[in-house]
Amino acid sequence: MAALAPERTLRRLELQVTRRLDGLLNGEHLGLIPGPGTELAEARLYQPGEDDVRHMDWAVTARTTTPHVRDLIADHELEAWALMDLTPSMDFGTHTMVKRDLAVAALAAVGFLTVRLGDRVGAYLLQPGEMRRWPARTGKAAMYALLQAILDAAPDPGAPAAKDVQGGHRIGTRAFSDRPVGGLADGIAALDRGQGRRGLRVIISDFLPPPGETAEHRAAHGPDWERPLRRMAARHQVLAVEIIDPRELDLPDVGLVEMTDPETGAVHEIVLNRRVRERYAAAAAEQRERTRAALRRCGAHHLVLRTDRDWVADVARFALRQRRAAGRAVAASGVRP
């Protein structure tokens, strides 16, 4: 996907999503109060002739010396927020795409289906040592801008950060706001603290343990992200999208290789004999089972996407299973009720 032109890539994603998944992830939600809404949202630049001057945010206007208005959130709107894991382990891939590109596809699947109903989508981008927040906005243009920013984000920690997008609504002088953050657990906690309005929360990550964490610690305490995710799931509907590459589950029989830890840069020479490969496969299966069990304890929905499979078909099957679990009738094509 990264080899395609960004605009062509995003249009292709939207076409696939709307044709094959339309209506499967979103339910119907109606507000109790008619009208444009009563809850304050983000401040943005004032558009002459389009915005009501009664919504002027004078505090922001005085601070920036540029006219700003405060958006209102309609009571029937769903606010969806995604946490995108863009740490170095997501830049690995051995098949049709790397995990980072598959994460973008997963965000596009949820995002385009959400904005089609007029709802708002925002994202927190978890990068090495920092968090970048993309404000929740409605419309396809905002969704395109978000996906473009993720595609343009430099994969290595020393490269420039994601570029600010020209045009559209902005907060102050940047579309992102930087926050110091550690690993996935800190990212989930920051998203939970920063966004209290009830809605959909999507965590897109490979859920790999952080460097330095021992197997004994994981077995005794569980994943470090479990506690903040459980708190989040108590207030919001949570969808956890686990991104996997097949080489992370089973190593090939290739003999002596050099392996680099993408998170720390440490290089090790390893002989991939049968014993090593069997131990690795067992450890990988155990790690995946711990992830499944922790997500189940948190009450989060769990979607697994692999770089060697059709991600659209996987999302469609997951959504159909969710509808059946919710007790909704799903009529098979060509089958009479």
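Me: How many cavities of 30 Å³ or more does the structure hold?
Reply: There are 2 cavities of 30 Å³ or more. Keep in mind that this is a predicted model.

Me: OK, take the second largest cavity. What volume does it have?
Reply: Its volume is about 30 Å³.

Me: And which residues line that second largest cavity?
Reply: The lining is made of V115, V121, W134, R137, G139, A142, M143 and L146. Two elements, β5 (130-137) and α4 (140-152), each give two or more residues to it. The largest share comes from α4, with 3 residues.

Me: How does that lining divide into nonpolar, polar and charged?
Reply: You get 6 nonpolar residues, 1 polar and 1 charged.

Me: Is α3 enclosed or open, and why?
Reply: It's largely enclosed by the rest of the structure, because 17 of its 17 residues are buried.

Me: Zooming out, what's the secondary structure, and how much of the protein is buried?
Reply: The protein has 9 helices and 11 strands. Of its 337 residues, 45% are buried.

Me: What about contacts and surface?
Reply: Among contacts with a separation of 6 or more, 73% join residues 24 or more positions apart. The accessible surface is about 17600 Å², and carbon and sulfur atoms account for 52% of that.

Note on methods:
Residues numbered from 1 in each chain as written. Predicted model: local features only at pLDDT ≥ 70, side-chain atom pairs only at ≥ 80, totals over all residues. Heavy atoms only, no water. Helix = DSSP H or I, 4+ residues; strand = E, 2+ residues; numbered from the N terminus. Buried < 20%, exposed > 50% of the residue type's maximum accessible area, 1.4 Å probe, protein only. Contact = heavy atoms within 4.5 Å. Areas by Shrake-Rupley, 256 points an atom, 1.4 Å probe, with all protein chains shown as cover. 1 Å grid on protein atoms, 1.4 Å probe; cavity = no way out; pocket = protein on both sides within 12 Å on 5 of 7 lines; lining within 4 Å. Points joined across faces, edges and corners; volume = space filled by probe spheres on them. Nonpolar A, V, L, I, M, F, W, Y, C, P; charged D, E, K, R; others polar.
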